[in-house]
Amino acid sequence: MEITAFLERKLARRFRTYDTDGDGFIEREDFTQAGERTTKAFGLAADDPKAVRFHDQLLGLWEHLVSVTDQDSDGRISVDEYRTAFANGMLETPESFDKGYLPFLDAVMAVADGDGDGKLTVEEHVKWTGALMGLSERDARGIHDLLSDEDGLLSTQALLAAIREFYFSEDPAEAGNWLLGSLD
Ligand SMILES: [Ca+2]
Ligand SMILES: [Ca+2]
Ligand SMILES: [Ca+2]
């Protein structure tokens, strides 16, 4: 896949949301830290089944990510390794996307969606994106406004569609491109 300048900016932004401790590399610790922050933000005990499933999904995501990106086998992922793997179709691709992403998103929703109706309030969306990915409240509220339905709720399906646009849309007018806030 060709990495356009726009996609490059999005991948750099996504990379930063993975790099919880901000040291310029994605490591296992980034995932465990962000995961713990998230379940704590929603008041879940460490042994709550929802928390356990969420951490399992997160660590599965890390294992997959490191196995396909870590070319120099140093146990951490540089932004170049991440970009190269994406360009080579080793990460999200349009074909594998829904199947690959849905189990993770379901685990996120189990933690974040308090009443279990498959839709997030703006407060829930601000909380999980802030805890897991370090999004600012302003960015999270902005994208929730763009993606939510007439009742002000954001559904799993709308979120999945937006994530798909984030990775594969080249049209800045499509809301999903701004899922992680500003790209600067
Ligand atoms: Ca890091
Ligand atoms: Ca590496
Ligand atoms: Ca809900």
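Donors here are N, O and S atoms within 3.2 Å of the metal for Ca. Keep that cut-off in mind; the model you have open is predicted.

**Stop 1: calcium ion (ligand 1).** Select Asp19, Asp21, Asp23, Phe25, Glu27 and Asp30 around the calcium ion (ligand 1). Their donor atoms sit 2.2 to 2.8 Å from the ion. Now trace the donors along the chain. They follow the spacing D-x1-D-x1-D-x1-F-x1-E-x2-D.

Stop 2: Show the surface and pick Asp21. It is partly exposed, at 37% relative accessibility. Then pick Glu27. Glu27 counts as buried because its relative accessible area, 17%, falls under the 20% limit.

**Stop 3: the annotated spans.** Residues 6-41 are 75% helix and 0% strand, with end C-alpha atoms 32 Å apart. Residues 57-92 are 61% helix and 0% strand, and here the end C-alpha atoms lie 16 Å apart.

**Stop 4: calcium ion (ligand 2).** Select Asp70, Asp72, Asp74, Arg76 and Glu81. They coordinate the calcium ion (ligand 2) at 2.3 to 2.6 Å. The sequence spacing reads D-x1-D-x1-D-x1-R-x4-E. Click Arg76: at 31% relative accessibility, it is partly exposed.

**Last look: the geometry.** Why is the arrangement around the calcium ion (ligand 2) irregular? The six donor atoms subtend angles of 52 to 157°. An octahedral site needs angles between 65 and 115 degrees for donors that are not opposite, so the 52° angle rules that label out.

Definitions and conventions. Residues are numbered from 1 along each chain as its sequence is written. Chains are lettered from A and ligands numbered from 1 in the order in which they are written. This is a predicted model: local features need pLDDT of at least 70, side-chain atom pairs count only at pLDDT 80 or more; totals for chains, interfaces and linings use all residues. Side-chain values use heavy atoms; hydrogens and water are left out. Buried means under 20% relative accessible area, exposed over 50%, partly exposed in between (1.4 Å probe, protein chains only). Helices (H or I, at least four residues) and strands (E, at least two) are DSSP runs, numbered from the N terminus. Four donors count as tetrahedral if all angles lie between 85 and 135 degrees; four count as square planar and six as octahedral if opposite donors are over 155 degrees apart and all others between 65 and 115; anything else is irregular.
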